[in-house]
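Keep the structure open as you read.

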Amino acid sequence: MKTLKYRRPRGTRDIIPEEYELRERLLEKVQKTIRAYGYKFIITPVFERTELFIRSIGDSTDIVEKEMYTFKDKKGRSFTLRPEGTAPVMRAFLENGIVPPAKLAYVMNMFRAERPQKGRLREFWQVGVEAIGVKDPLVDAEVIEMGYSILKELGAEKLVVLLNSIGSIDERQAYKKALLDYINEKEQDGSLDLCEDCKRRKNKNPLRILDCKIDGPKLKDAPSLTEFLSPESLKYFNEVKKYLDRWKVNYREEPRLVRGLDYYNHTAFEIVSEKIGVQDTLLGGGRYDSLAEDMGGPATPAIGWAMGLERIIDYFYRIPIIPGPFYFVTTVNEFSKGYAIGLLKKIREWKIPSDMTFEPKSLKAQMKIADRLNAVKAVIVGEDEIKLQKVRVRDLETGKEELVPEKDLVRIYEEYLAERRKKGLI
RNA sequence: GUGAGAGUAGCUCAACUGGCAGAGCGCUGGACUGUGGCUCCAGUGGUUGGGGGUUCAAGUCCCCUCUCUCACCCCA
């Protein structure tokens, strides 16, 4: 390849027409469903005060420690390209005085400076929902069920909801301490030697040690998080499951499922597809009842999830054929071309997608372009047609031609639309 | 951030142990002077990702760098 001067930054993607079209369709479907559950869409700024993310996500999380795109403005204030949507949406909810209960949804791009791999980019798009202001097992179940339904509608296969309750912050704190005590004790009597990763996890996120491929199995008789949940937490969790059963959501309890971000409590979940590779989480979320208060707002319970658009697109969507102009106007010489540009303008005033070539080209070459663009009809304007005050309309699929007066172009277009509608193609 | 593999025409990929950079598809034109898709013919196409080194000679070997892929960490 010729060496270009500029290439896109690592881990980013250009959304070229094929993928753009595909996204539009996919998002249309997703947004329709989300609205059916009573959500309203919002957009927040791409960057926020760095502090917002550090305080809400947690300063010892990977996101904050090594993945944020942070920069300073001219006055030395620190800003960060959003690495996730929940904190900004909650901030917007509070700042705009939106009245709870509120169901907010978004389609926004996120930025994390990770090493890219399949299904993991530095700039990526998420569809997310946040149900703010209600604490009831029904909401938890509804949010999860909606995510599950959306993925199913999109054609994702072998879906499983992984479900857990990580308790209140206090309960989790108590458990963390018990787990660490247990581990420290075993390390001291020499019966346990943690791997390098887990030594690091001890300080950062000890709950993850249970999930470690090396050390996890060694901790079979460690205390379990469930033992530390209060009767209320357990009851709440059981009710969530009850509703999920009722709505026939395929879930599996996953006691080792924990959330990386600090603001989560109680219900935590992921939806994975067992059909795809290592990055199999299509959607992840949980409850975060203390976030609003942490940000200086009134105590407001909330729950939500985010879904990675690229992962869906990569695995479940095929490239669609992009529709071209409806009419492609072709000419045979300079005279007919002069006539045709007038006709083209008229067609466009009728708001019918249309185009033609301006460079002098043979009719054959023009037809070829029409075909390549996926045009529906070629409109041939030749001297014979002009003499008859008509145009020749050639159907590019069937090859059938008809000689009609100009204004029939509107009728032909409308008939085509009606036909497509009848077939449910629009 | 750690580890491994890869990068050759617009795209998909060839080129034996270092020895003239190729094919298919695409694109342009023609066969068919006003008719696309099928077929046939011709043409177009490259600093072999970039930089440096070894060598008579480097796509091929060595070093650096960029990007992609896979895995780890972690996550959507």
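## Confidence

Please bear in mind that this is a predicted model. The average pLDDT of chain A is 90, and 97% of the residues score at least 70. If you compare elements of chain A, strand β1 (residues 40-41) has the highest mean pLDDT, at 98, while helix α7 (residues 196-204) has the lowest, at 79.

## The three-stranded sheet

Let us begin with an open sheet of three strands, ordered β2-β4-β3 and paired antiparallel. Its edges are β2 (47-49) and β3 (69-72), each of which pairs on one side only. From one strand to the next, the twist averages 35°.

Looking at one pairing in detail, β2 and strand β4 (residues 78-81) run antiparallel and are joined by three bridges. Here phenylalanine 47 has leucine 81 of β4 opposite. Helix α2 lies across β2, β3 and β4, and the angle at which α2 runs to β2 is about 75°.

## The five-stranded sheet

Another open sheet has five strands, in the order β13-β12-β14-β15-β16, and its pairing is mixed. The edge strands are β13 (354-356) and β16 (401-404), each pairing on one side only. On average, and with direction ignored, neighbouring strands of this sheet are turned by 25° against each other.

Strand β12 (residues 327-331) runs parallel to β13, and three bridges join the two. In this pair, valine 329 stands opposite methionine 356 of β13. Helix α12 (residues 363-372) lies across β12, β14 (377-381) and β15 (391-395), with α12 running at about 170° to β12.

## Nonpolar cores

Which members of the largest nonpolar core touch the most other members? In this core of 46 residues, they are Met90, Ile183 and Leu219. Two or more residues each come from α2 (50-57), α3 (62-66), α4 (86-95), β5 (102-111), β6 (123-132), α6 (169-188), α9 (291-294) and β11 (302-308). Apart from this core lies another, of 41 residues, including Ala105, Val127, Ile150 and Leu154.

Leaving aside residues up to four places away in sequence, isoleucine 183 touches Leu192, Leu194, Lys202, Ile209 and Leu219.

Is aspartate 289 buried or exposed? Aspartate 289 counts as buried because its relative accessibility is 12%, and the cut-off for buried is under 20%. You will find aspartate 289 in the loop between β10 (281-287) and α9. Its side chain makes a polar contact of 2.8 Å with the side chain of lysine 135, and the aspartate 289 side chain also reaches the backbone nitrogen of alanine 302 at 3.2 Å. Not counting residues up to four places away in sequence, aspartate 289 touches Lys135, Tyr263, Asn265, His266, Thr300, Pro301 and Ala302.

Serine 230 sits in the loop between α7 and α8 (231-246). With a relative accessible area of 17%, serine 230 is buried too. A polar contact of 2.8 Å links the side chains of serine 230 and glutamate 171.

How values were computed:
Residues are numbered from 1 along each chain as its sequence is written. Chains are lettered from A and ligands numbered from 1 in the order in which they are written. This is a predicted model: local features need pLDDT of at least 70, side-chain atom pairs count only at pLDDT 80 or more; totals for chains, interfaces and linings use all residues. Side-chain values use heavy atoms; hydrogens and water are left out. A nonpolar core is a set of buried Ala, Val, Leu, Ile, Met, Phe, Trp, Tyr and Cys residues joined through side-chain atoms within 4.5 Å. Buried means under 20% relative accessible area, exposed over 50%, partly exposed in between (1.4 Å probe, protein chains only). Helices (H or I, at least four residues) and strands (E, at least two) are DSSP runs, numbered from the N terminus. Contact means heavy atoms within 4.5 Å. pLDDT is the predictor's confidence in each residue, from 0 to 100. Two strands pair if DSSP finds at least two bridges between them. Axes are lines fitted to C-alpha atoms, for helices over the stretch in contact, and angles run from 0 to 180 degrees between N-to-C directions. A polar contact is a pair of N or O atoms within 3.5 Å; within protein, one must be able to donate a hydrogen and the other to accept it, and residues adjacent in sequence count only if both atoms are side-chain atoms.
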